[in-house]
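Hi there,

Here is the structure I promised to pass on. Have a look at it first, and my notes follow below.

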Amino acid sequence: MWKTVTLDVSRRRLHFSRKVSTILSNNNCNVTVGSDYYNYCYCAAPSSHPIQGMYPRCNFSSHSNSWKWSNQNNTSSSSSSSLPAFNNKSSSSLEKNDETYNGSTDVSSNVQSQIMDQCASLHASIMPLNSKLVGPLAKNSDRGTSLPFVFLVGNHSSGKSSFINYVLGRDVQTAGVAPTDDCFTVVAPGPEDTDQDGPALIGDPDMGFSALRQFGPTLIHHTQLKVRKGTNTNSFMMIDSPGMIDSPVSQSGMPDRYSGNNSGGQSMDRGYDFQGVVRWFAERADVVLLFFDPDKPGTTGETLNVLLHSLGGMDHKLLIVLNKADQFKKIHDFARAYGSLCWNLSKVIPRKDLPRIFTMCLPNKAGEGSDHSSIGAGLIDLHQTRDDVVAEVMKAPKRRVDNVITHLNNSVHLLLMHAQIAQDVQKKYSKMVWDNRIQELGSLTAGVGLGVLGFYAQLPVEFTSAAAAMTVFGVGGMKWLNGNKLKEEERNLLSMEELSASFQRTHSREISEADEFIVSVWQRIRENLQLSLKAEGLDKYPSVSDSDLNGLRDILDQDIPRLRRMASPTHFGTKS
């Protein structure tokens, strides 16, 4: 097993492989560099050798003519069988961050902090424009939670609470066959065990859940915080959700989503918009786990409704879990349940290939080694899959950086498209207004000119008076007619058909290139855009300047790529 040790010297990285000694030549004097079995890097050279000045971060140890670099300086190791090589990362970025890299593919905590701060600053900078335009971004959407978190959602009795207890390493949530909890429970690490109710949690300005207030008092009173010490997750939170049950049946005998009584997929049968709350948590979560169990493999209507309306567009962080697979007594039963789950998922996932389904089980009281089922030989695979899921959960803190950049990218795209289409609609409306004014001004000019002509031609006073009266009534009638016509044109401009036509005009190049991402952004903002324009009215809607649009484009074209490069692990494709 080869092990790479990295030594940061003069803001450059030298990689040394365990059990390998490399001879570095400097000023015609050889220097031996190697490492031992304790993650220490040694440089053996004469005390007068220039290596002392070249490698200031090597601590001169008591060993004669050697320097010792301990693992306290962010030493990390990884499997490698290659010879030492210099890193291709640009020296300018290293000097900018003033960060000691450790040779692994992980981004240092200092760089992560810089990325988070810059994302927060950029997101806060676009919120005034969003407020001005009544844009698609929710209030306080630029404020994240105090810690990364994993969000669990799924059928009741699917093992969500048991999985939380397993990951935490202690019993925190109550588990049972029947629904045991009707609250959204935030489990956070802390120095002592303590609980808080919903009003205290949502009222806390530092936790980051204040925006849940928008869903009403019923949700507030069905939210709670559990702070627990001695857990295995000191760097992130886990959030449990109420178990989902069958959708209420309407008078027609069909679930609400099919009967036409459910607007936008929302349901208030819990006293609050459950699907909206799930989407709120899922958008901010770093990992989302959707649990199913053998008894209800995707047949719960509310679960499928949530997957369709609340978890759409989150495939990059969504893991679908079929839990309790060790309960099957026959492989035939497992095949039926797995097939049923795939069939039900295919109804709400609009693509041919289904995502991976993590089939797993948790340790039972008899121990993992117990083999009481006919599929006992397959338990090893179930345990391995469980370990894979746990590994993804443990990546939540690392995912936070990527998710924050992605959230910023999505927010800017949403606001930019909202502003572009609003500007296009305003231009068409302004053109109509000015056309009407030109007509009215033309009629007024013609009437005044006729009156002046009559005066200079010394025509009878009756002619001049009639011309003036005709001008007044004509211009007034035209103004009234144009006003009604303008209102009708405004209603037409704000129809979904005309807004779609505006989208096609402003994004013709992306549409011609079959850019599905742009189409998905339009699907997300169109209803909010229509409501905003109708509520404000085109005559009072704030104008969108080109500088506003250019500022958003600069974030997309410059800032976000720069942040992506900062967050990207070192690889051979990294630009120097």
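Before the notes, one term: contact here means heavy atoms within 4.5 Å. Please also keep in mind that this is a predicted model.

Let me start with Ser158. You will find Ser158 in the loop that links strand E8 (149-154) to helix H4 (160-168). Ser158 counts as buried because its relative accessibility is 0%, and the cut-off for buried is under 20%. Its side chain reaches the backbone oxygen of Asn155 at 2.6 Å. If you set aside the neighbours within four places in sequence, Ser158 is in contact with Phe291, Phe292, Asp293, Asn323 and Lys324.

Most residues other than glycine have a negative phi. Ala514 also has a positive phi, about 55 degrees, although it is not a glycine. Ala514 lies in the loop between helix H15 (508-512) and helix H16 (516-536), and it is exposed, with a relative accessible area of 54%.

Now to helix H10. It has 18 residues and reaches 27 Å from its first C-alpha to its last, close to the expected 26 Å. Its buried residues are Ala337, Leu341, Cys342, Asn344, Leu345 and Val348. These buried residues pack against strand E13 (287-292), helix H9 (301-309), E14 and strand E15 (357-359).

Best wishes

Methods. Residues are numbered from 1 along each chain as its sequence is written. This is a predicted model: local features need pLDDT of at least 70, side-chain atom pairs count only at pLDDT 80 or more; totals for chains, interfaces and linings use all residues. Side-chain values use heavy atoms; hydrogens and water are left out. Helices (H or I, at least four residues) and strands (E, at least two) are DSSP runs, numbered from the N terminus. Buried means under 20% relative accessible area, exposed over 50%, partly exposed in between (1.4 Å probe, protein chains only). A polar contact is a pair of N or O atoms within 3.5 Å; within protein, one must be able to donate a hydrogen and the other to accept it, and residues adjacent in sequence count only if both atoms are side-chain atoms. The expected span of a helix is 1.5 Å times one less than its number of residues.
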